[in-house]
Amino acid sequence: MEELYALWKQRIEERRPFQYIVGCEHWRDLVLSVQEGVLIPRPETELIVDMANEVILKDKEMKQGVWVDLGTGSGALAIGIGRLLGNEGRVIATDLSPIAASVAAFNVQRYNLQDVVEIRTGSWFEPLDEFKGKIVGLVSNPPYIPSGDITGLQAEVVRHEPKLALDGGANGLDDLLNICKGAASFLKAGGFFIFETNGAKQSKFLVDFLNIQMEGSFQYVNSVSDFAGIQRFVTGFRK
Amino acid sequence: MRSRRGLLLFLCRNGNWFVKYQTVQKCFHNHHHLLSSTTPKPCFPSSTNTTTLFNHRSYSTSGAAEMNPQISNDLIKIMENRLSAIEQRNNYLQNFMSQPEASPSEYSRANKELRKIRSSMELITQLRAKQKEIDGLKSLIAECPEDKDMHDMAVEEMDEAIEEENRIHNLLLKSLLPKDDADERDCILEVRAGTGGEEASLFAMEIFRMYERYSHKQGWKFEVVDVMESDLKGFKEASGAISGSGAFGRLKFESGTHRVQRVPLTEKAGRVHTSAVTVAILPQADEVDVQLRNEDLKIDTYRSGGSGGQHANTTNSAVRMTHIPTGLTVAIQDERSQHMNKAKALKVICAKLYELERSRLHTSRSKLRSEQIGSGDRSGRIRTYNFPQGRVTDHRVGITHHSIDDVMQGENLDVFIDGLLLKQEMDAIASFGSDE
Ligand SMILES: C[S@@+](CC[C@H](N)C(=O)[O-])C[C@H]1O[C@@H](n2cnc3c(N)ncnc32)[C@H](O)[C@@H]1O
């Protein structure tokens, strides 16, 4: 009883996220372990798996190739996509945070996907050298909050979730731009990408960046809205 | 043919085709003569505003199996145009489908169209082979006028080939005539007693049984769906489900008012009464399946208007789904993730649309019913069952059958049905020739 009261106090006074208290989050049809040090996966991000599924259903090559999830956190996207591939393709997921990497590995085990999803520790593409030009699908929900906005986030987020998972630099685009550049050299021709963004402003910026600054590398670049109508994602294909 | 007791004559008046049925007893010789006649005898007197579509024709109630009517040159010309159009389309589609740029939806559309013209294409291929053979024989005949044996043989073969060509032409004509998609469906029979009180109810029951027997003879399944009995165990209303190949196509012309003339059981003075029942034949819909298109769905979440994503932590995963074309909306919040709420919302929307579609079908069915039967007055009368004279007359084709008991036993309904189907075919041929 005392213990329960302590938890309650944490929830109310410290605004500790409910998911950290119970140690898990329901995401899509999954139950994922989470703990302090790992971002709690968001409902918006669920849509990335639906979009990946669309291209996987259309194209056998997509189902049989190598997918990459950059900054995998709890492993949500890697597991969601790994389950779409069956035993044909594979997913490599990276994260700089050792805690995230170990939680992700734990979740992969729970879903018995260790033969499909591999977790590597390191910064973005750094642990992926051997896959240069070979990736069929690239997904990422990197930190995208502008540094100045961090303190204004919901208390549960700012007080308990890792800064490493949230802070995207001055305009929030540091990591997204980094990943866009890497996508050009790591995706194979026809490869597909989906990135989550902070909303319309970042999405528009990225669409232009990919089309103009990186002219000739990508095609069918689009922004896609989430269910709240916010332009949340940027998708496209490597030329 | 031989087992039938009558002869159908086709008459064309003012551009409309009429089918006349004459009993064999009266014109047996004529009948025989027509079938075996070597000089083609026109059955269709051509009128000023209609070209003769067939040069000679001897149709029987059992269909034209034994002899193929010679199709007129006019009609062949029209048909040839259509055939080459179909051939071109076929080539185009084949070509299109072998191209890698075709999107999956274009591909399946093309495939569907190809499947639709496939049976015609098979016949066209046969026809082209025959025509080539005929050309070959023609030049053979032209080349060897002095070799008599050879010449005769070639002529004989050519006659056969021409007869075969004619047969294929006939099949093609049939395949090109517009078809009612519902013809192959199962159907619902509804019989209702009309004017005439108890007597009408008794007759309604007899008519219902007549179709039941007829269905069994056709090898169809007949299930009584619902019966509303009258005091004397007649049927005020009855419905049955008939399933079997082509059930709707054969029975569809039975819809309308059926009139009975006889001395009712309840009539003491022995006077002949006239009563009526209405019959409706409705095609059964295939299992309605609801097709949801992604672009027809709108999904909202109940978020407090914040920026979402990494900004917020939420445990509220409620989803509202709207089906835009119908405006149906469901909100689901009892599942644990947005994804699962969405999946459930989709199921609920599907079920609701299914219900909607079913009730829509139901209403369109009752609309169809009232169109078919008309207002139930004399003008909608399609057939008279006259017991004192022992005859049944169909007023649309002018066919009279003189053994009413056979008809009521479901025996000779085919006489009318075949006549009506032939009339439909004639109408279609007449308009086939005229729409070019
Ligand atoms: C917004 S979280 C997304 C987590 C998870 N993919 C999801 O959608 O729930 C961003 C993740 O990127 C990781 N990250 C931050 N900087 C990184 C870097 N330089 N290289 C790899 N991962 C990084 C963080 O540890 C964090 O797990």
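**The pocket and the ligand site**

Analyst: The lining of the largest pocket takes its largest share, nine residues, from α3(A). Please bear in mind that the model is predicted.

User: Which other elements supply at least two residues of that lining?

Analyst: Both chains take part in the lining of the largest pocket. Alongside α3 (46-58), chain A contributes β8 (218-225) and β9 (231-238). From chain B come β10 (297-301) and α7 (338-373).

User: What volume does the largest pocket have, and which lining residues are closest to its centre?

Analyst: The volume of the largest pocket is about 1300 Å³. Its lining consists of 36 residues, and those closest to the centre are A:D50, A:M51, A:E54, A:V55 and B:N294.

User: Where does the ligand lie, and how many residues surround it?

Analyst: The ligand is located between chains A and B. Among the residues around the ligand, the closest are A:G71, A:D95, A:W124, A:N141 and A:A165. The number of surrounding residues is 17.

User: Which atom of A:W124 lies 2.9 Å from a nitrogen atom of the ligand, and what percentage of the ligand does the protein bury?

Analyst: For A:S123, a polar side-chain atom is 3.0 Å from a ligand nitrogen atom. For A:W124, the atom in question is a backbone N or O atom. The ligand taken alone exposes 590 Å², and the share of this that the protein buries is 96%.

Definitions and conventions:
Residues are numbered from 1 along each chain as its sequence is written. Chains are lettered from A and ligands numbered from 1 in the order in which they are written. This is a predicted model: local features need pLDDT of at least 70, side-chain atom pairs count only at pLDDT 80 or more; totals for chains, interfaces and linings use all residues. Side-chain values use heavy atoms; hydrogens and water are left out. A residue is near a molecule or strand if one of its heavy atoms lies within 4 Å of it. A polar contact is a pair of N or O atoms within 3.5 Å; within protein, one must be able to donate a hydrogen and the other to accept it, and residues adjacent in sequence count only if both atoms are side-chain atoms. Accessible areas come from the Shrake-Rupley method with a 1.4 Å probe; for residues, only the protein chains shown count as cover. On a 1 Å grid over the protein atoms alone, a cavity is a set of points where a 1.4 Å probe fits but cannot get out, and a pocket is an open set with protein on both sides within 12 Å along at least five of seven lines; lining residues have an atom within 4 Å of a point. Grid points are joined across faces, edges and corners, and a volume is the space filled by probe spheres set on the points. Helices (H or I, at least four residues) and strands (E, at least two) are DSSP runs, numbered from the N terminus.
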